[in-house]
Amino acid sequence: TRIVVLISGDGSNLQVLLDQAAAGQLGGDVVAVVSNKAEAYGLERARMAGVATAVLSNKDYADRDSFDATLMALIDGYQPDLVVLAGFMRILTPGFVRHYAGRMLNIHPSLLPRYQGLHTHQRAIEAGDEEHGCSVHFVTEELDGGPVVLQARVPIFAGDDEAIVAKRVRVQEHAIYPLVVRWFCEGRLVMQQGNVFLDGALL
Ligand code: GRF
């Protein structure tokens, strides 16, 4: 399975995927890492792993459609079976999302459908939630709204700040994202007509 990972920043989720791929535990290969930010540390992680990198700055494009069209051509040049969004901080156009329907995953730092969008940890703390977490989902045209494959839960304790909650969630992200990617690579995870099946069973 050929995997292209899209990032915008640190790439700690990318690192886990790279490590597991190198250990032969992912069931696929990360063939390229694409960032919309030249300064993203994840690019360095990819280089250290010997993986091809590319930068496509959205600032060089007049509008979302032309950026996404160029990004799509760049990604397709690597002939991926799976596109993994790992901290890619861009809203994608419907045409882009449709093109990768059933073969694009994202990880979101909340228990979807709660807290779509940004600042999820802060919002969970402010709401007084005692439970929070992260979700891996297939990407559909609805932002952070595609069918969820797997979630991990963490507690929020009284007095926790955003940084500590983010850290607690991130540990769980690193546990569940490679697992879901592996299921996809092994052909066990399929999205059809908006429904997700694992080992043939509807999730
Ligand atoms: C993660 O919190 C992920 O849930 C969100 O962006 C962050 C990426 O972190 N979509 P990293 O770049 O993988 O460290």
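UniProt positions follow the numbering used here, feature names are shortened, and annotations may be inferred rather than shown by experiment. Residues count from 1 along each chain as its sequence is written. The model is predicted: local features need pLDDT of at least 70, side-chain atom pairs count only at pLDDT 80 or more, and totals for chains, interfaces and linings use all residues.

Stop 1: Select His-108, which an unreviewed UniProt entry lists as "active site". His-108 is found in strand β5, residues 104-108. Strands are DSSP runs of E, at least two residues; helices are runs of H or I, at least four; both are numbered from the N terminus. Is His-108 buried or exposed? His-108 is buried, because 23 C-beta neighbours lie inside 10 Å. Buried takes 20 or more other C-beta atoms within 10 Å, exposed 12 or fewer, and partly exposed is in between, with C-beta atoms placed from the backbone.

**Stop 2: the ligand.** Now show the 14 residues around the ligand; Asp-10, Ser-12, Asn-13, Gly-87 and Pro-109 come nearest. Being near means a C-beta atom, placed from the backbone, within 6 Å. Helix α1 gives the largest share of this shell, three residues.

**Stop 3: the sheet.** Colour the seven strands of the open sheet, in the order β3-β2-β1-β4-β5-β6-β7, with mixed pairing. Strands pair if DSSP finds at least two bridges between them. The edge strands, β3 (52-55) and β7 (148-155), each pair on one side only. Next, pick β2 (residues 29-35): four bridges join β2 to β3, and the two run parallel. End at Ser-35, which stands opposite Val-55 in β3.
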